[in-house]
Amino acid sequence: MLNNQVLLAANSTSSFSFNIIYDLLVMLRYPFMRNAFIAGSAVAILAGAVGYFIVSRRSSFAAHALSHVGFAGAAGAVVVGLTPLEGLLGFTTVGAIVMGALGKRGELRDSQIGIVLSFMLGLGVLFISLYQGYASEAYSILFGQILGISNASVIFTVGSAVVLLVVMRLALNLLLFASFDEEVANSQGVPTRLISYAFLVVVAVTVAVAVQIIGVLLIFSLLVTPAAAAIRMSGRPRIAILASTTIALLITWIGLFVGFYQPYPVSFFITAFGFAFYLLTRLKPFADRFVVQS
Amino acid sequence: MVDLVLAKDLTVGYQGRPQWSGANFQVLHGEFAAVIGPNGSGKSTLLKALTGQVGLISGELRIDGLDVGEGRRKIGYVPQRRNLDQDTVITSREFALLPHRARRLINRSKSERAASEALVEESLRSLGIADLADRSISTLSGGQLQRVYIAQALSQQPELLLLDEPLSNLDIRASAQLAKSVSELVRGRKVGVMLVAHDLNPLLPYLDKVLFVANGRVVCGYPDEVLTTERLSDLFELSVEVVRDSSGRIAIMGDFSEAHHA
């Protein structure tokens, strides 16, 4: 709520002029918007790249579960006086390690993951009820607080994104091999189990930083939607990863921009533009057929 | 010349429990060997022992004179199952390039990249699927998919090609065509093949050797020598009947499962 008040205060002095450059400059005069753009961009690039592997490895449910584990962590952290980000990171990382320990492709064990997911959500509700402060903390964890990101969080988010992207670039070829052709990779001595483990930890940290932007409940819009759309656009992994990060960046930027000049939540715009991109890629084959027929 | 595959008194299994034991067999360079036997007898285990995915309990297994850890670099492996579905969107070319690219983490030189791409193109062409190079593998038929898998394996220039039930989901015509293609390709390149199959008949025109896996044992020899009623009955100590029709097609009958559990 606090963030919405900040945004409404900013909106009262700035209205949309239809001069995009001018409107952008006005928007970026506000430090909270600059922070939102920097952190949002870092998370979008990271989520777009990691999301490609989440979708390709069919680990969407595991990523979803990790965000709920993060909810319990963030809510618990607030109760004991830590920052939500600290709680998010702690819980998602431990959650990823436990998931990895479940065994081969532990992230695919739907029923076990579902059971843990609902328990974590319940735990989060308990922590929220124990917290004596503002209800806005819970709202932020569930739906994101992109407009209320502190300078320290921006530095941490950008730093985490850079480190994880470098690690993923270094391991890209092995990760692709293990994700698309695990059996043959295994037969050639590629440590597929270790890669699976490491990937879950990467997902955990990505979820933790992405929750700040989009929240626990809407995390799919950055982690899965852009990648799912990109995969429909290209069967070449490098191009699909590039497309996924581009879509994630675009929907974040457009969402922030539109959200600044409208009284509705930024998270809604990010999810709505992501959904629109995905629909467009779903409609493409029909459009192609129509063009060919006509 | 060193044997391409040499097993001496080999026992293999999971968690110390043998699946079969005392196996002695050899496959030579350029030989086409079929691995047959009842379900669950350990045919796939044999291939996995060669790729180092299943541990040896005792005995010796060498690939071109090397132990499994070193020798598996000479193998092109097509597993029985792959964890792929409709949502696996990757083109045939990119799929075939995966093992090439994974050999180096970063900074493969331009010439290395070009060499890998040329090998993949050549393999796709030789299997008659060059036109499928830009199609996603999720849109291919079972027969086309098997050809992509084999192209991936062959593009790595193996000396030994391990194919685990590549014919199992194909109709009679597609099975015969694939068996012929594989045979022609490997003969030209002097690549040895070990192919797991349930139905031996599509392979009969091309076979040099048969490995029959049943009842915890592996028997190896030339088809006419191994696939006889007397030999199999004698080897497995139960009533086995090998029937051949007028066109040379073979059927092997006998209840191996009961004998194995007895």
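Author: The turn to begin with belongs to the hairpin of β1(B) and β2(B), where 2 residues lie between the strands and B:Q15 takes a positive phi near 50°. This is a predicted model, in which local features need pLDDT of at least 70 and side-chain atom pairs count only at pLDDT 80 or more, while totals for chains, interfaces and linings use all residues. Residues are numbered from 1 along each chain as its sequence is written, chains are lettered from A and ligands numbered from 1 in the order in which they are written, and side-chain values use heavy atoms, with hydrogens and water left out. The names of the elements follow DSSP runs, numbered from the N terminus: helices are H or I with at least four residues, and strands are E with at least two.

Strand β1 of chain B covers residues 5–14 and runs antiparallel to β2(B), to which 7 bridges join it. (Two strands pair if DSSP finds at least two bridges between them.) At B:V5, the bridge partner in β2(B) is B:V27. B:L6 in turn has B:Q26 of β2(B) as its bridge partner.

Strand β1(B) also has a partner in β4(B). These two strands pair over 6 bridges, in the antiparallel sense. One of the positions that show this pairing is B:T11, which stands opposite B:S58 in β4(B).

Together these strands make up an open sheet of chain B: it has 3 strands, in the order β2-β1-β4, with antiparallel pairing. At its edges stand β2 (17–27) and β4 (56–63), each with a single partner strand, so one side of each is left without a neighbour in the sheet. From one strand to the next, the twist averages 25°. A helix accompanies this sheet: α1 (residues 43–50) of chain B lies across β1, β2 and β4 of chain B and runs at about 115° to β1(B). Contact here means heavy atoms within 4.5 Å; axes are lines fitted to C-alpha atoms, for helices over the stretch in contact, and angles run from 0 to 180 degrees between N-to-C directions.

B:V35 stands opposite B:V196 in β7(B).

For a view of helices packed on each other, one may turn to chain A. Two packed helices are described by the angle between their axes and the distance between the axes. In chain A, helix α9 (residues 172–180) packs with helix α14 (residues 237–261) at an angle of about 100°, and their axes are 12 Å apart. The pair α9(A) and α14(A) is therefore roughly perpendicular, on a scale where angles under 35 degrees count as roughly parallel, over 145 as roughly antiparallel, 65 to 115 as roughly perpendicular and the rest as oblique.

The side of α9(A) in this packing is formed by A:L172, A:N173, A:L176 and A:F180, which meet A:P237, A:R238 and A:I241 in α14(A). By class, the residues of the contact of α9(A) with α14(A) divide into 5 nonpolar, 1 polar and 1 charged. In that division Ala, Val, Leu, Ile, Met, Phe, Trp, Tyr, Cys and Pro count as nonpolar, Asp, Glu, Lys and Arg as charged, and the others, Gly among them, as polar.
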